[in-house]
Amino acid sequence: MKTSLTKLMSAMGCALAFTLLPGVPAQAQTATTVAPAKKAQVVILATGGTIAGAGASAANSATYQAAKVPVDKLLASVPELGNVANVRGEQVFQIASESFTNEHLVKLAKRVAALAKQPDVDGIVVTHGTDTLEETAYFLTLTVHTSKPIVVVGSMRPGTALSADGALNLYNAVATAAAPAAAGKGVLVTMNDEILSGRDVAKTINIRPDAFKSPWGDLGMVVEGQTYWFRAPVKRHTVNSEFDIEQIETLPAVEIVYGSGNASATAYQAYANAGAKALIHAGTGNGSVSGAVVPALRELRAKGIQIIRSSRVTGGGFVIRNAEQPDDQYDWVVAHDLNPQKARILAALALTKTNDAKSIQRIFLEY
């Protein structure tokens, strides 16, 4: 009888477990069923980018058209996703990520926040072009109030290329979004088998699959669908953030000006005249500002425009307050360790709360 029952339950997809009770004949003991482990429910929000791109031939890994493959075909190309989660997809946008605007950020974050509230959603994956992936990941980590895993993923090569990286990146992203250990760690980025913080991660090269790095190291890695963790973020994010996408409809204009030798004040003044509420100075070294530019920035600050010093240094520019420039005297803000593009995101959100430089500086140190 046990053999027949075993076959029946096996056909039903259930496992059998027997506990032998002392003093009771085995044939008199009943079988108990152990239900199969429940798979996580993961929603994939597609926005375009290289991961949805196509080249003219398999040899084209750097020359291709982004945002060509719709989400249903993208998911169908990686049937192994069903091994780690039950997945469904939505096409939110179909664009190359260099065309992402503030409006795209707000719309995407609102959709992520809405999905995160649903009891039938355990994790969310956002497929994204790599050019501005780090900005979107940081925006989501600042504005979506959930502890559920949110993973942003892209690829450096289109799916048509030799050694395309998108399929494995997507598999790893779904595995991470389905992992209970990924909860509460802020928005994550999975690229090249690594799990990175959306707060820290940056694109550091444009033609290799190991393009994304954090100056402070990985949070973990994914191996054959299993996540392994080594550290957790300590900066404020998601459920502990004072910014809530449900209360944000638009973002104020914040612009970036790149510092270099022979710098002039022209670009700063032009952006200010066009309505910028804050200017991110992507300075050399420790956010240094050319002597020819300082008077103009002081004048713009006197007019109410926030001046935020960041560093253009690749892989870990760190701006120290009152070093290089007397920030207290000028009422300027330093971006801490955020690169210029991340500083733009945080400055725009900060300006939805306050226009006080001291309060904005507090925000930059906490996030």
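Local features are described only where pLDDT is at least 70 and side-chain atom pairs only at pLDDT 80 or more, while totals for chains, interfaces and linings use all residues. Residues are numbered from 1 along each chain as its sequence is written, and side-chain values use heavy atoms, with hydrogens and water left out.

**Overall make-up**

- The protein chain holds 10 helices and 16 strands; helices (H or I, at least four residues) and strands (E, at least two) are DSSP runs numbered from the N terminus.
- Of its 367 residues, 49% count as buried. Here buried means under 20% relative accessible area, exposed means over 50%, and partly exposed lies in between (1.4 Å probe, protein chains only).
- Among contacts in the chain with a separation of 6 or more, 70% are between residues 24 or more positions apart; a contact means heavy atoms within 4.5 Å.
- The chain exposes about 16,500 Å², and carbon and sulfur atoms supply 53% of that area. Accessible areas come from the Shrake-Rupley method with a 1.4 Å probe, and for residues only the protein chains shown count as cover.

**Confidence**

- The mean pLDDT of the protein chain is 90, and 88% of its residues reach 70 or more. This score is the predictor's confidence in each residue, from 0 to 100.
- Residues 1-21 have pLDDT below 50, and this stretch has 24 contacts in the model beyond near neighbours in sequence.
- Residues 28-34 also stay under 50, with 18 contacts beyond four places in sequence.
- Where pLDDT is low, the predicted coordinates should not be read in detail.

**Nonpolar cores**

- The largest nonpolar core has 85 residues, and those with the most contacts inside it are Val125, Leu170 and Phe364. Such a core is a set of buried Ala, Val, Leu, Ile, Met, Phe, Trp, Tyr and Cys residues joined through side-chain atoms within 4.5 Å.
- Helix H3 (residues 102-116) gives this core its largest share, eight residues.
- Apart from this core lies another, of 15 residues, including Ala276, Leu279, Val289 and Trp332.
- Leaving aside neighbours within four places in sequence, Leu170 touches Ile44, Ile51, Leu74, Leu75, Val78, Leu81, Val125, Thr127 and Val153.

- Helix H4 (residues 133-143) is largely enclosed by the rest of the structure, because 11 of its 11 residues are buried. Among them are Leu133, Tyr138 and Phe139.
- Helix H9 (residues 340-350) is also largely enclosed, because 10 of its 11 residues are buried. These include Pro340, Arg344 and Leu349.
- The buried residues of H9 pack against H3, H4, strand S13 (254-258), strand S14 (278-283), strand S15 (306-311) and helix H10 (357-366).

**On the surface**

- Met221, Val223, Tyr228 and Phe230 form a nonpolar surface patch with about 390 Å² of accessible area together. Patches are made of residues with over 30% relative accessible area and no salt bridge, with like charges joined within 9 Å and nonpolar side chains (Val, Leu, Ile, Met, Phe, Trp, Tyr) within 5 Å.
- Met221 lies in strand S11 (residues 220-223) and is partly exposed, with a relative accessible area of 33%.

**Salt bridges**

- The whole structure has 18 salt bridges, each a side-chain nitrogen of Lys or Arg within 4 Å of a carboxyl oxygen of Asp or Glu.
- Glu249 and Lys110 meet in a salt bridge (3.2 Å, N to O). This pair links distant parts of the chain, 139 residues apart, with Lys110 in helix H3 and Glu249 in the loop between strand S12 (226-229) and S13. Glu249 is exposed at 58% relative accessibility, whereas Lys110 is partly exposed at 25%.
- Lys203 pairs with Asp131, their closest N and O atoms being 2.8 Å apart. Lys203 sits in strand S9 (residues 202-203) and Asp131 in the loop between strand S5 (123-127) and H4, 72 residues apart.
- Arg301 and Asp331 form a salt bridge too (2.9 Å, N to O). Arg301 lies in helix H7 (residues 294-302) and Asp331 in the loop between helix H8 (327-330) and strand S16 (333-334), so the pair ties together parts 30 residues apart in sequence.
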